[in-house]
Amino acid sequence: MTHAGRFAPSPSGELHVGNLRTAILAWLFARSTGRRFLLRVEDLDRARAGAEAAQLRDLAAVGVTWDGGVVRQTDREPLYTAAIGELAAAGLTYECFCTRREIQEAPSAPHAPQGAYPGTCRGLSAAELEFKRSTRPAAIRLRSSVAEWTVEDMLHGSFTGVVDDFVLRRNDGVTAYNLAVVVDDAEQGIDQVVRGDDLLPSTPRQAYLASLLNMPVPEYAHVPLVVNADGARLAKRDGAVTLGDLAAVGHPAEAVQRTILQSLGLPGDSLEAALEGFSPARLPREPWVWPGA
Ligand SMILES: [Zn+2]
């Protein structure tokens, strides 16, 4: 088996310094453990024309290199369809016709956490199914047999989170993120997932799904986000936060790379130089407050 880490941006716009810092961290985790580093474009949803090229350019500008070609999720539908077919054959999927509003307004199952799917369509009769199929297209949900699942995270330790009957394929035909990411990581030999800690809550769903598909569960490191002065997750509205905007106010890519490495307590001349001092145990565990430009 190959050993690999990855960065997997959604091409919905330009990367900002928070995204670039996560990419640099993923690169450091992979390279410091002798792994390959792969780049996957998660373009199933919200892809914007030109964004991918701009993102790849910006990653290269801050020193993030990757092995092999770029993989795009829109090229991989047959893999996702095969995985859903495997789950369906094992009786682990069902059709769901609920609208978002119906889910919000449905009484939740006892002890079910906020936002969990209440299971409305889990037990539809053949007649109900036939009628509902004539009214609107179905989403495909996982028939989960657990309510929660525990993952191990290098920075967070044991983390237990909700597993509900989450969506595998939306009713517009788009493969859901949780399914695609599990299939892709396994198929690409990715055994280390480093990403922002806003994704930690969905990780138990993914690890559970991997176990159902007999796929290995990668090691996880969910890294702190970059926040603005108010403590909110950094966003485009926080001023100059993309490489293009930062260059325009006198901070070229090399300066941004140095600032990011300094925020990690690492020497700042190149990612290769930073590798020598890199240790997950010494990483700051708090969100980094972007100092502004
Ligand atoms: Zn439903």
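Two residues are in contact if their C-beta atoms, placed from the backbone, lie within 7 Å. In the chain, 77% of the contacts with a separation of 6 or more link residues 24 or more positions apart. The model is predicted; local features need pLDDT of at least 70, side-chain atom pairs count only at pLDDT 80 or more, and totals for chains, interfaces and linings use all residues. Residues are numbered from 1 along each chain as its sequence is written.

**Figure 1. Overall view of the chain.** The chain holds 10 helices and 12 strands; helices (H or I, at least four residues) and strands (E, at least two) are DSSP runs, numbered from the N terminus. Its C-alpha atoms fill a box of roughly 65 × 40 × 35 Å along the principal axes.

Figure 2. In all, 18 residues of domain 1 are in contact with 18 residues of domain 2. On the domain 1 side, strand 1 (4–7), helix 1 (17–32) and strand 2 (36–41) each supply at least two residues, and helix 1 gives the largest share, 5 residues. By class, this side has 10 nonpolar, 3 polar and 5 charged residues (Ala, Val, Leu, Ile, Met, Phe, Trp, Tyr, Cys and Pro count as nonpolar, Asp, Glu, Lys and Arg as charged, and the others, Gly among them, as polar).

**Figure 3. The largest nonpolar core.** A nonpolar core is a set of buried Ala, Val, Leu, Ile, Met, Phe, Trp, Tyr and Cys residues joined through C-beta atoms within 7 Å; a residue is buried if 20 or more other C-beta atoms, placed from the backbone, lie within 10 Å of its own. Of the 67 residues in this core, I24, W27 and L179 touch the most other members. Helix 1 provides the largest share, 10 residues. Leaving aside residues up to four places away in sequence, L179 touches Y80, A83, I84, L168 and L209.

**Figure 4. The hairpin of strand 6 and strand 7.** Strand 6 (residues 148–153) and strand 7 (residues 157–162) run antiparallel and are joined by 6 bridges. The hairpin has 3 residues between the two strands. Within this pair, W149 stands opposite G161 in strand 7.

Definitions and conventions
Pairing = 2+ DSSP bridges. Buried ≥ 20, exposed ≤ 12 C-beta atoms within 10 Å, placed from the backbone.
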